Every structure is written in C-alpha cells, then in structure tokens.
Amino acid sequence: MGFHASLLVFTAFLPLILGEVYEEARLVIDTSKTVAETDANYICATIDWWPQDKCNYDTCPWGSSSAVNLDLSHPFLGNAIQAFKNLRVRVGGSLQDQVMYGVGNSSSPCHPFKKEKGGLFGFSKGCLHMDRWDQLNNFFKKTGVILTFGLNALHGRHHIERGVWGGDWDRHNTYDFINYTLSKGYHVDSWEFGNELSGKGVGASVGPEQYGKDTIRLKTMIDELYSKSNNVKQPIRPSLVAPGGFYDKVWFDKLLQSSGPRVLNVVSHHIYSLGPGNDGNIMKKILNPDHLNKASFVFSNLSSTIQENGPWASAWVGESGGAYNSGARDISDTFVNTFWYLDQLGMAAKYNTKVYCRQSLIGGFYGLLNKTTYIPNPDYYSALLWNRLMGKGVLDVNITASQYLRSYAHCAKQRVGVTVVVINLSNQTMYNVDVQSSNYAKLPSKNQTGTKNKRSFIHGLKESVSWIGNKASDEKVYREEYHLTPEGGNLQSKIMLLNGQPLQLTELGDIPSLLPAVNDVNSPLSVSPYSVKFVVYPNFINQGCI
C-alpha cells in the first residue's frame, strides 16, 4: 500500500482512535414570531448578607463579600459590573428578614450579625447603618447598577411553632428606611418583600393570606411615600416583588388571590435544581439532560399560576445558584457549571421569565467573582456573553439530534439578527449543526431532478429576506462564533477559553475583549464535545424580531 493510501486510511480512522464521534444535527428556528420575552436586563446577580463566619460542610466560603463588608473600592469589582453597562443587582438573602435599618426610632441597637444559638440560621439580628447604605448607593450609581433591594418581612411577627411565624408585619422601620432613601435621592428600581418564607419556608414561613395582607400594606406605604416625596431626582415608582421563595403552587396561588389585582408587579421564586453543595453527584446532574429538564416543570407551573391568578404580574428567578448551601466547591466556580447556568438561562426565558438573578455576584463557591481576588470565574463570562448577545425576544427551536445537544435562540441584542447558543453535553460527540429557519425550510421540497432540496437557514436568509444596506446578492455573508471550552480540557478548570484563548483580566484589571471568530455562513458549524458555542447571524431581518 502506498504512502498516500496509508495516510488516507489513517486519517479516516483518526476520530475512532481519538475516541471522537461525529454526528449530524439540525436546528430549526421559528423566525416568524417570538414565543416569550425577557427584560432588556435579564441577567442579574445577588449580593448577600452572610458574614465571614457563615460556614457549610466545614468550609467558610463567604469572606468579606456581604452588603455590609464588601470592598466597594476594589477596581476589579467595579470593572466587572460596568462591563454589563447596567447590571441588575439584588441585595438580599437568607438573613434579609433579620436586617434592621439604622434610621428613625428603631428600638433595636445597630449591631452586626453574630453567631447566636437558636437564632434564625444560627445568627442574631443584624443592622444596616445608613452610612453604609450611602456608600452602597454611591457605588451602584457609579457602576450603573439597577437595584432590587430585599426588605425584612418578618419584623414584628412572632414564632408560633416549627418554623411557622404569625402576626402582622411591623412596617415602621421599613417606612423610615424607604423615607430616608427617598430623601437622599437614591433610585431603587424594585423593592422585594421577604426571602424564602413561602410554602414550608427555609428557617421560617408565613401563611399566604397573611403575606398577601401585608403585601397590600407595603404597596400602600410605598405609594404614599413616593407620592409625597419632593425629591425631583426620583423617577417613576418602583416595582413590588414577592415572595422570593421556593415555588409552592397552593401558597403562590393564594398569595396572588389574597393580595389582589396589581399589587404585586413581580412574582419571584428561587430554584436550586442541583441539590445541596455536598452532593457527590452534582457533576453528573449537570451533564445529565434528563436532570436539567426537570427544572422546566417549575417554570411551567409558575407561569400557569401567574396566568390564572395574577396575569398583571411578571415572573422572576430571584435567586439561583445551582447547588444550595453556598454552592459546590470546585464545581460551582469552574467551567462545568456553565452547562447548567446557560441551560437554565435559556429554559427560564422560554417560560417568560423576565429577570434571572444568579446567586451570587460574589461570595460562596457559586460567586461569579472569586471572593478573595475578585477575579471572574467562568460563569461570569457566560453571563456577560449572554448579556451582550441575546436579546429580549425568545425564538422557538426544534432540535433533531441527541438529547445531549441543547440549544436556545433569541433575537440578537441591540441589532438586527438572530443569536443561537448551542450546548454540547457529550464527552465524545462532535456535532455538525445545520441551522435552518422554519419559514424557509418549508419551501418546495424537491428540485427538478427529484432529489430533496435542503433549505438552510442561510439560503432562506439570502433568498427570502432583506439585508441591511445594499449588499450584492453574491457578497459573502458571515456569522460570528464564540466557542467556550475549559482550559486543558479539564471540566473543573477555573479558566475558560474563548475561541481557544484564555479569558483573563488585562494587566490593568479590565475585562478582556470578547471577540468572535468570524466564519463564512456556508462553512460547516461544528460544536466540539463538552463545549458551548454562541453563534450570531447578524443583519438577518426576520418577522419575529421586528
């Protein structure tokens, strides 16, 4: 056998030798209409209240990352937030219902949280000093933050039994706090009432009828305070968000029924679909499409609850970190977690979720930023790419492929076009993906020779729709690709590669440029094993995104 023949045989069997398999896949996008819509600022991250001595599984992963001790002067923090232009930040968490505000005639001393046997979550009540509130607001204004602030919904209530709390909510400290906020001209986009008090609660629970009653009182109070505010800097009135807890159908139904029309603007819920942070099967869950699909039941059921009981309200994910109890060490802060994160962002958006708040911006193992160095973890870059590339309009995608290939499509962000994110959960299959539009795939199916005439997304693009500007019909058209892989092929790497280049801060601490690879649209689109690819088809005018 000659050299060239031997080389051809070797090349043919190379994928088998390397253990890599090639499969064809087809994505058909319905570009005629959007099926859901997010807010323009869909990506959100949380700042929690946990002190340094908050520990789980013999580790204390929070450091100085809370609302009261976070280093607001650290340049990496400001740069990371400003890269989003307007990042929504939710200040809240488990200790939020024990926060007193150091203003007005509060009888409680303004002390920090400390360990307390028998205390809720093992901690005493804590306090937010107004000088710290001033610092936070100055920082938020400087960095362009859209602020959601979680209010204490337990103040004034009493413990009845087994985590159940009763009695009316005491509004006075919150009244003084919001009044102070207005007097200083600080802009709070939305106020959230309570944290994880729904259903059986986490640490504490309140009945839905009582919660609904107190939500009405809070809404009335907010309207009163904003109506009489003389501060001309204060824009339109904020949204009211609740309950910020785990979805329980009966409880959520009753909350909307008891609070009544147009009291709640947003119904927020928390979801931790990967279980506790010490679960040894978390990586298996992330890479298991059947497990990822389970979250859809929560999104679907919440959507039904809102449609049936409060169609005036929107759905938010107020908190989600994948694994609860501070996240999973060496998983939540590594590349593998981005499969779960991007899949859940895509799935939630399909069910009309307007905002998705990641637990956390910083702190715990699930922080987008490292709690000590403030250096971004892999999921930070996934969030930033989503924020820059995926627009509000959600498009339906039909996938013909193994269940290990997952995909979501949106209208492109702030430009004409379509963006697709493709997630490959397979450890050995390279997918060659044919992207089509359902509008044009249904053109005559046979040509004159009788063979099937495939109508790709691009053929539909070039033949059936208009392009921005005066492009010649034979001019090359390009797509933008953002291929995300782990450094060294290690799924638990804390370094993410974009088109083969490591994503790391510049020498000045700036976020690196996220530049795409630009390819001819007619070239094969492939997605390698254990990787993610954002693909933008720019300038594609389609009916669904007009």
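# Exercises on disulfides, cores and salt bridges

The torsion about the S-S bond of C55 and C60 is about 85 degrees, so this disulfide is right-handed. Keep that in mind as you work through a model that is predicted.

## Exercise 1: the disulfides

Work out which disulfides are left-handed among the links C110 to C127 and C411 to C545, and where their partners lie.

Step 1. Start with the total: the structure holds four disulfides. Counting bonded cysteines along the chain, their pattern is 1-6, 2-3, 4-5, 7-8.

Step 2. Look at C55 and C60, whose sulfur atoms are 1.8 Å apart. C55 is partly exposed with a relative accessible area of 34%, and C60 is partly exposed as well, at 41%.

Step 3. Turn to C110 and C127, with sulfur atoms 1.8 Å apart. The torsion about their S-S bond is -80 degrees, and the link is left-handed. C110 sits in the loop between β5 (99-102) and β6 (126-129) while C127 belongs to strand β6, so the pair ties together parts 17 residues apart in sequence. C127 counts as buried, with 9% relative accessibility.

Step 4. Finish with C411 and C545, joined at an S to S distance of 1.9 Å. With -90 degrees about the S-S bond, this link is left-handed. It connects distant parts of the chain, since C411 is in strand β19 (residues 405-412) and C545 in the segment after β27 (531-538), 134 residues apart. C411 is buried at 9% relative accessible area, whereas C545 is partly exposed at 28%.

## Exercise 2: the nonpolar cores

Find the element that gives the largest share of the largest nonpolar core, then follow F339 to the residues it touches.

Step 1. The largest nonpolar core has 126 residues, and those with the most contacts inside it include L128, W133, F339 and F534.

Step 2. Helix α10 (residues 337-350) supplies the largest share of this core, eight residues.

Step 3. Leaving out residues up to four places away in sequence, F339 touches I286, L287, I423, N424, L425, L491, Y530, S531 and V532.

Step 4. Another core of 21 residues lies apart from the largest one, and I29, V397, L405 and V535 are among its members.

## Exercise 3: the salt bridges

Step 1. D214 and R157 meet at 2.6 Å, N to O. D214 is in helix α5 (residues 208-228) and R157 in the loop between β7 (146-151) and β8 (158-161), 57 residues apart.

Step 2. D343 and R406 form a salt bridge at 2.5 Å, N to O. D343 lies in helix α10 and R406 in strand β19, so the pair ties together parts 63 residues apart in sequence.

Step 3. R415 and E480 meet at 2.8 Å, N to O. R415 lies in the loop between β19 and β20 (417-424) and E480 in strand β22 (residues 478-486), so parts 65 residues apart in sequence are tied together.

Step 4. Finally, locate R90, E192 and E319, which are linked in a network of salt bridges.

Definitions and conventions:
Residues are numbered from 1 along each chain as its sequence is written. This is a predicted model: local features need pLDDT of at least 70, side-chain atom pairs count only at pLDDT 80 or more; totals for chains, interfaces and linings use all residues. Side-chain values use heavy atoms; hydrogens and water are left out. A disulfide is a pair of cysteine sulfur atoms within 2.5 Å. Buried means under 20% relative accessible area, exposed over 50%, partly exposed in between (1.4 Å probe, protein chains only). Helices (H or I, at least four residues) and strands (E, at least two) are DSSP runs, numbered from the N terminus. A nonpolar core is a set of buried Ala, Val, Leu, Ile, Met, Phe, Trp, Tyr and Cys residues joined through side-chain atoms within 4.5 Å. Contact means heavy atoms within 4.5 Å. A salt bridge is a side-chain nitrogen of Lys or Arg within 4 Å of a carboxyl oxygen of Asp or Glu.
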